[in-house]
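Let's take a friendly walk through a protein model together. Have a look at the sequence and the structure below before reading on.

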Amino acid sequence: MIIQLKKDITEQERENILEQLQLLDITPQPVKTNFKEYIVGIVKKEFDIRQIGNMKGIADIHRVSDSYKMVSKKWKLHNTIIDLGDGIKIGNDELAIMSGPCSIESEKQIESVVDHLLKNNVKIMRGGVFKPRSSPYSFRGMGIDGLKMFYKHCSENGIKVISEVMQVSQVEEMLDYVDIFQVGARNSQNFNLLDVLGQVDKPVMIKRGISGTIDELLYSAEYVFSNGNEKILLCERGIRTFERAARNTLDLSAVPILKDKTHLPVIVDPSHGVGIRKFVPTMALAGVMSGADGVIMEIHETPEKAFSDGQQSLYYQQAEKLYKELRQTKELVNSF
Ligand code: PEP
Ligand code: MN
């Protein structure tokens, strides 16, 4: 159960509600977010909702039978729209396109990608500066100085930045230089990191774990929300299965299932999802057809020279064609 409290609730009213919950054997979990104040009630036995619903200080009350509560669709009339400022939103009728290299490599590269994005009216640039690599000998990213340079070029050109945060200690240093924190597949269940990201006022995109279930992804989002941050995006990026023909198995059935279970926007990552350049456009388009609110993709001016994930990075020309097709596809989906 979710109890939404009134903005002007008095201390006495709050106490009365908590007392009543105790009488009904409901465990209260206060949740104060960047928008509102709630009490999540863990219900142990049947009760009459009117015993609470009529109390002073309550704006609304909802029964939510799912074990994740705040991210469930069952209590919210409208889907969440993430507002990045400057008219850039995710979760509305427009497809969100996040495009950029796997890793930020140099200032020259940032300038070249920014140019490409501006030409194609793409408003969000991706790029990792802290890279989770399977081998410790691979390129591990340019770090915070790379991020500062990345953010400077983007903000000067009205482009928003999404970049991966790998550990708690990076959250604060990155805070002023990202518009969206990305939680990578390997950190999808790093609960300490999710707790801290719940306490900042910046959107967080959580990728599905390499072997993570849909419910586990929703629980990860619940960590962020219950710590106070409602600005969450979910990302399907492929899971590990027995199939070795592709890098991962992009589970597109997760998209409609997530859209059914949660009010949060869903993003598809076809680059890591299939991991093979020539199949990325098809899977990106399929992602939009499956109902995704956005696509995150890797591009590179010279993919064969990329420091990471070149094999799945699109050439600019391929990306240009894809942006158009993606937008057309989203319009088609909207018209259904
Ligand atoms: C990335 O976005 O470059 C990345 C490392 O993604 P994932 O966490 O999905 O592997
Ligand atoms: Mn990558």
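This is a predicted model: local features need pLDDT of at least 70, side-chain atom pairs count only at pLDDT 80 or more; totals for chains, interfaces and linings use all residues.

Residues are numbered from 1 along each chain as its sequence is written, chains are lettered from A and ligands numbered from 1 in the order in which they are written, and side-chain values use heavy atoms, with hydrogens and water left out.

**The open sheet**

Strands here are DSSP runs (E, at least two residues), numbered from the N terminus, and two of them pair if DSSP finds at least two bridges between them. Four strands make an open sheet in the order E2-E3-E1-E4, with antiparallel pairing. At its edges lie strand E2 (26-32) and strand E4 (58-62), each of which pairs on one side only. From one strand to the next, the twist averages 20°; for such angles, axes are lines fitted to C-alpha atoms, and the angles run from 0 to 180 degrees between N-to-C directions.

Seven bridges hold E2 and E3 in antiparallel pairing, and a hairpin of four residues leads from E2 to E3. Thr 27 has Ile 42 in E3 as its bridge partner. Strand E1 (residues 2-5) is joined to strand E3 (residues 37-43) by three bridges, again running antiparallel. Here Ile 2 has Val 40 in E3 as its bridge partner, while Ile 3 is partnered by Ile 39. In a regular strand the side chains alternate between the two faces of the sheet.

**The barrel**

Eight strands form a closed barrel, E7-E8-E9-E10-E11-E12-E13-E14, with parallel pairing. Its twist averages 25° from one strand to the next. Strand E13 (residues 266-268) pairs with E14 in the parallel sense over two bridges, and Ile 267 has Gly 294 in E14 as its bridge partner.

**A salt bridge across the chain**

Side chains of opposite charge can pair when their charged atoms come close. A salt bridge is counted when a side-chain nitrogen of Lys or Arg is within 4 Å of a carboxyl oxygen of Asp or Glu. The whole structure holds 17 salt bridges. In one of them, Glu 298 meets Arg 126 at 3.4 Å, N to O. This pair links distant parts of the chain, with Glu 298 in strand E14 (residues 294-298) and Arg 126 in strand E8 (residues 124-126), 172 residues apart.

**Around ligand 1**

What surrounds ligand 1? There are 13 residues, and the closest are Arg 126, Lys 131, Ala 185, Lys 207 and Arg 237; a residue is near if one of its heavy atoms lies within 4 Å. The shell has three nonpolar, three polar and seven charged residues. In this grouping, Asp, Glu, Lys and Arg count as charged, Ala, Val, Leu, Ile, Met, Phe, Trp, Tyr, Cys and Pro as nonpolar, and the others, Gly among them, as polar.

The table lists polar contacts (pairs of N or O atoms within 3.5 Å).

| Side chain | Distance to an oxygen atom of ligand 1 |
|---|---|
| Lys 207 | 2.8 Å |
| Arg 237 | 2.7 Å |
| His 272 | 3.2 Å |

On its own, ligand 1 has 290 Å² of accessible area, and the protein covers 97% of this. Accessible areas come from the Shrake-Rupley method with a 1.4 Å probe.

Technical notes
A polar contact is a pair of N or O atoms within 3.5 Å; within protein, one must be able to donate a hydrogen and the other to accept it, and residues adjacent in sequence count only if both atoms are side-chain atoms.
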